[in-house]
Amino acid sequence: MKTNHTVFTMLACTLLLALQGCSLSSHTLAQQPALGQPSGSAEMEQMIDQAGPVELETINSADWSVSLAGLLNLDSAAATQAGLEDRDEPIQIYAHLLKHPRYGNFIIDTGVSQKLLDDPGKHGLNWIIQQAMHLEKLHIRKSTDEMLQELNGKLSGVFFTHLHLDHIAGMPDIAADVPLYIGATESSASHFKNLFVRGATDQLLKGKQPLQEWHFQPDPQGNFEGIIDLFGDGSAFVISVPGHSPGSVAFLIRTTRGPVLMTGDACITRWGWEHTVEPGDFTADHERNLKNLKSMKELVARHPAIEVRLGHQH
Ligand SMILES: [Zn+2]
């Protein structure tokens, strides 16, 4: 009886651990981010409509297609009403090149490395992940390496909207000394789904710089969960928009051609933006994601000059 009881307790503990899950990555975290200082929506919105000093180029690194149910909450009232059903949906994997005249060259997300597609196993993508991601449907248009070769000068850092595999797929081409920035708790929060991707995430980050986390203070105006002035000069802002993942962030950049909002995967599809529907299966907290999507749409309504660039569609 006693042995049975012990075995039962062990099984129960294992199950509990699996349900509690694990963090997305065990990659080292840095103490303090080298870039970013607390700001707020009043400060940001005061400057938003003036053109800024940053040159920004969005690059389509790869064409891909995935299940619409992952990209869009098909159970939402709007999707049900429109009769949307699951299907293969064409999307793109973007990287955004950001050139600041004073602080240097950065990229937002990483695009896709040819090395990853040539040998996914070597970079941590096991057979199950390869099947789940349908890598055979992913076609590179401009690899991360090609993108970086066109950069005039050194890469000073990578800003991640979040750490899902399609956003770190360019890491094999990122040099080991390049600083990496994420939203707070993105890599450390626990979720059972992380059990499947933690190995790959760790492998793609292996040997790279520690992750520098942005910790957000509450927005004094309450329009967002938090806002950071990225360079401290009002040219670029990081907006905390968790929900799709625990540390999801969006970026508002004052470019030479006007303000641009990059939503990351807080909004993946054009339909989702137009109908205010958050992403689907890959989303950790739907309610929070939807609330933050609404906050971004309200921001754009207040400042119609903002050009919106979504997670995976034009
Ligand atoms: Zn994505």
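Visitor: Leaving aside its neighbours within four places in sequence, which residues is A250 in contact with?
Guide: In this predicted model, A250 is in contact with T161, I239, V241, L261, M262, T263, G264, A266 and M296, once residues within four places in sequence are set aside.

Visitor: How far apart are the end C-alpha atoms of α10?
Guide: They are 24 Å apart, which agrees with expectation, because the 17 residues of this helix (residues 286–302) should span 24 Å at 1.5 Å a residue.

Visitor: Back to β13 and β14, then: what is the strand order of their sheet?
Guide: They belong to an open sheet of 6 strands with mixed pairing, in the order β2-β11-β12-β13-β14-β15. The edge strands, each pairing on one side only, are β2 (37–39) and β15 (307–309), and on average neighbouring strands of this sheet are turned by 25 degrees against each other, direction ignored.

Visitor: Do β11 and β12 pair in the parallel or antiparallel sense?
Guide: Strand β11 (residues 227–229) pairs with strand β12 (residues 236–240) in the antiparallel sense, over 3 bridges, and I228 stands opposite V238 in β12.

Visitor: Different topic: which way do the residues of β8 point?
Guide: In strand β8 (residues 180–183), L180 and I182 point one way while Y181 and G183 point the other way, and all of them are buried.

Visitor: What stands opposite Y181 in β10?
Guide: Q212 stands opposite Y181 there, and β8 and strand β10 (residues 211–214) run parallel, joined by 4 bridges. Strand β7 (residues 155–159) also pairs with β8 in the parallel sense, over 2 bridges, and there F159 has Y181 as its bridge partner.

Visitor: Last one, about A62: is it buried or exposed?
Guide: A62, which lies in strand β3 (residues 55–67), counts as buried because it has 26 C-beta neighbours inside 10 Å, and 20 or more are needed for that. Beyond residues up to four places away in sequence, A62 touches Q92, I93, G111, V112, L138, H139, I140 and R141, and its C-alpha atom is separated by 7.2 Å from that of Y94, 32 residues apart along the chain.

Note on methods. Residues numbered from 1 in each chain as written. Predicted model: local features only at pLDDT ≥ 70, side-chain atom pairs only at ≥ 80, totals over all residues. Expected span 1.5 Å × (residues − 1). Pairing = 2+ DSSP bridges. Axes fitted to C-alpha atoms, helices over the stretch in contact; angles between N-to-C directions. Buried ≥ 20, exposed ≤ 12 C-beta atoms within 10 Å, placed from the backbone. Contact = placed C-beta atoms within 7 Å.
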